Amino acid sequence: MTTPTATPSPAAPPAWLTTGWNHVWLPYAQMQTAPLPLPVVRTTGSEIHLADGRVLIDGIASWWTACHGYNHPHIIQSVAAQLEAMPHIMFGGLAHEPAYRLATRLAALLPDPLDRVFFTDSGSVAVEVAMKIAVQSRLNRGQPNRTKFLAFHGGYHGDTFATMAICDPEEGMHSLFAGMLPPHIIAPLPRDPTSRATFDDLVERHHHELAGIIVEPLVQGAGGMIFNDAATLRHLRTTADHYGLTLIFDEIFTGFGRTGTMFAHQQTGVTPDIVTLSKALTGGTSPLAATIVSRDLYDAFLSDSPAHALMHGPTFMANPLGCAAANAALDLFETQPRLAQAATIAATLRTELAPCRAIPGVSDVRVMGAIGVVELDHIENPAALRQDFIELGVWVRPFRNIVYLTPALTISDEQLRLLCRVVGEGLRKRSFLKKRTKKLL
């Protein structure tokens, strides 16, 4: 392991960065004021190596994807072999072994009757396909009016138009498009008897127009790392069954060990009708996503009529390189103690983040599996706090009012404790600066 360091001091950015800056459009950034991003030249394990020689410990595994750490040799070897044999082949009318083997393995990992896998190339599209399946299954069965979805405050399901429409409408990312988005029902999660009664009334009023319910099980990720529980999800299952609704679990964030089990729903006793997967599916190596569907929903598309077929087919769906990476990532879950590592991470996060509770402005510290969250009343300057973390040798991206850690499941104990310590130091520094500013004023 390379010791993280804030030295040498940042050097002049490389030419490829300054030249390309005039042509690149960054995600979630106001380009007029955004600083130059950090130039990365290499990754390994849980380390990000910068062009100027600095090394950062990655606390978020590249948006939760690199669950086995960066550059795992088994994944690299599998992708290299596939690259040499066949980088890509269209999935329409042709077949290749990595995709068919991956579909078989995913179906075996998920509970019956989830056994049909539709591959896409991003999480947003996987959710769109789930929505399309839920609606078209109704259309194919003569129910043309059930086209809306019930989603939840704090939820996030993607940035495409269909998925924006089922995200939390108040969370800010997509409010600009409110007038262009199809209306759906967005409600509080039914976490207690009072909210369940309100929820039940809402569904009773709208069930005739609903195709399904979509939720992130146990943890709503990009909406603020908001936790929910098995009882809540069981209530959703009961409600879906009562009204004949499709229950969709968006496990793009929670899947592949992140919450402590291979999939979050395994902790709940609830089997959804559709599961969406992406992010850690390939161990962070290649874009790939999957929508896994129950047998009953799949049967709704079987007909003599071509109009009943699912008319969807991304150009790079089931791309062989991504499928090879995903198969290799599943190999590692089968041969390495990843879930035990997630449990160890959880224990360390609980211990090491606990002191953050005493920092002024911190409202909650919570942990589930390999997810650690420090919630604040607010964060005045997330960019400045992120820079503080960089100067202390770690890569952590605060957003809204939270600082979170979602490290690789392979992170070392030393690296994880460093991350927790730096989070505390960064928050204490910001708290001190805030107090000092108030005194000066």
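Analyst: UniProt annotations may be inferred rather than shown by experiment. The model itself is predicted. In the unreviewed UniProt entry, the annotation "binding site" covers Gly 123, Ser 124, Asp 250, Pro 314 and Thr 315.

User: Why is Gly 123 called buried?

Analyst: Buried means under 20% relative accessible area. Gly 123 has 16% relative accessibility, so this residue counts as buried. Gly 123 belongs to helix α5. Beyond its neighbours within four places in sequence, Gly 123 is in contact with Ile 252, Ser 278 and Ala 289.

User: What makes Thr 315 exposed?

Analyst: Exposed means over 50%. Thr 315 reaches 60% relative accessibility and therefore counts as exposed. This residue sits in the loop between α9 (295-299) and α10 (320-335).

User: What makes β4 and β6 edge strands?

Analyst: The open sheet has seven strands in the order β4-β12-β11-β10-β7-β5-β6, with mixed pairing. β4 (114-120) and β6 (185-187) each have a single partner strand, so one side of each is left without a neighbour in the sheet.

User: How do you know that β7 and β10 pair?

Analyst: Two strands pair if DSSP finds at least two bridges between them. Four bridges join β7 (residues 210-215) to β10 (residues 246-250), and these strands run parallel. As an example, Val 215 has Phe 249 in β10 as its bridge partner.

Notes
Residues are numbered from 1 along each chain as its sequence is written. This is a predicted model: local features need pLDDT of at least 70, side-chain atom pairs count only at pLDDT 80 or more; totals for chains, interfaces and linings use all residues. Side-chain values use heavy atoms; hydrogens and water are left out. Helices (H or I, at least four residues) and strands (E, at least two) are DSSP runs, numbered from the N terminus. Buried means under 20% relative accessible area, exposed over 50%, partly exposed in between (1.4 Å probe, protein chains only). Contact means heavy atoms within 4.5 Å.
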